[in-house]
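Please consult the structure shown here while reading.

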Amino acid sequence: MVVVAAVVAGAVAWAGVPPRLHLHGGFVDLSVYRYGGRLVLDGLPLYDTRDPATNLRFTYPPFAAVLMTPLALLPFWLVTALWTAASTAALAGVIALAGRSLTGWQVALLTAGALALEPVWQNLTFGQINLFLMAALLVDLMRPERRWSGVLVGIAAGVKLTPLVFVVLLVLIGRRAAAGRALLAFAATVAAGFVFAPGSARAYWTEDLFTAGRVGPPEMAHNQSVFGALARLLDGVPPNLMWLAVAGPLALAFVVLGAVRWRRGDRLLGAGLGALAMLLASPVSWSHHWVWAVPVGLALWTCSRTASVLWFAVFASRLFVWQPWGQRREYGWDPVEHVPGNAYLLAALALGVWAALRLRRHSLSGAAGPSGSTTVSRARR
């Protein structure tokens with residue numbers, strides 16, 4: 001209770017800054033969420049206008065705007081306070097879920113430390129929804145044997161489509177009932193969009209869904225996805241077939257690797273590898289989408305502390321903006337600049353290679369005799 005009170009108090013103090021300063025330095029996405037909720041309440045089209053405060057469009061599925069309607073009924077200073085406090089609580093919940101043996105004070109200290117990671121503080125600064133989605137997804141993925149497991153995956157996919165990757169993961173780990181519930185829940189979110197915003201739902205699912213540039217310039221350094229890396233390497237938007245040929249196999253490999261890790265007892269890293277598949281596959285994975293660095297890093301700590309420290313160092317350093325970025329300056333990067341410029345993507349690929357080699361080594365040692373069983377049991381811890 002002391003930790004929760006401190007989080008809320010800090011959030012309210014931060015949110016006490018006047019709204020105009022919030023929008024100048026942060027809470028930009030939260031303002032757009034609130035605007036989307038207002039459009040639903042007023043019965044207006046979601047995708048034809050821009051938020052007057054930020055000049056940005058609402059880009060999520062209509063169901064997400066339906067969820068945001070309560071935000072439109074509250075003053076913005078209160079929305080920022082509640083959202084920040086709840087986001088921080090979601091982060092603490094993820095850490096507690098990742099390390100079940102942690103004490104309350106350890107969770108609080110790790111939560112404070114996680115604020116130093118660029119994806120986390122960017123998420124809080126923009127007022128993004130990623131921490132909530134991550135917490136909801138981990139609840140389902142860490143305990144898919146629960147009666148209603150899968151529902152949160154479906155709801156998360158209704159807010160952002162990319163969590164549909166986890167349906168594949170659920171199938172691969174043998175939780176087909178949970179995967180079915182996820183699909184049903186997702187279908188219900190689509191139906192809800194048509195009920196509460198029929199015109200906008202029709203526009204989204206027939207037109208806006210396929211407009212890749214609607215969420216921002218894909219070549220921007222903050223887009224740490226395969227699509228973004230290809231755009232920067234090619235000095236232009238890559239053909240869809242090229243993107244699918246690269247991102248598709250990579251994402252599938254990560255999902256399969258995550259399923260194997262999950263089946264061997266490492267549910268946290270298995271879920272994290274599935275999340276990385278989602279980030280690789282999405283055409284746009286902004287840096288604040290990479291909040292999954294937190295549970296992945298904690299999972300690595302139990303396997304290799306060196307790998308965990310290196311992982312966290314990448315996400316604390318903000319390497320991808322150490323070279324010129326913005327206004328298409330990414331097109332002028334030399335070969336060396338592409339390395340830090342794609343830091344999150346390369347870190348994920350390195351983790352995938354490391355995890356695959358580790359599994360192979362464990363499999364070989366397991367086949368060799370009794371010593372192998374000890375290695376495998378250590379991987380399961």
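In the classes used here, Ala, Val, Leu, Ile, Met, Phe, Trp, Tyr, Cys and Pro count as nonpolar, Asp, Glu, Lys and Arg as charged, and the others, Gly among them, as polar. The model is predicted: local features need pLDDT of at least 70 and side-chain atom pairs count only at pLDDT 80 or more, while totals for chains, interfaces and linings use all residues. Residues are numbered from 1 along each chain as its sequence is written, and side-chain values use heavy atoms, with hydrogens and water left out.

**Largest cavity**
- On a 1 Å grid over the protein atoms alone, a cavity is a set of points where a 1.4 Å probe fits but cannot get out, and a pocket is an open set with protein on both sides within 12 Å along at least five of seven lines; lining residues have an atom within 4 Å of a point.
- The lining of the largest cavity comprises 6 nonpolar, 3 polar and no charged residues.
- Pro61, Phe63, Gly158 and Trp205 are among the residues that line the largest cavity.

**Second largest pocket**
- The lining of this pocket consists of 25 residues, and Ala98, Gly99, Leu298, Ala299 and Thr302 lie nearest its centre.
- By class, 14 residues of the lining of the second largest pocket are nonpolar, 6 are polar and 5 are charged.
- Helix 16 gives the most to this lining, with 5 residues; helices (H or I, at least four residues) are DSSP runs, numbered from the N terminus.
- Helix 5 (76-98) and helix 17 (305-317) are among the helices that each supply at least two residues of the lining.
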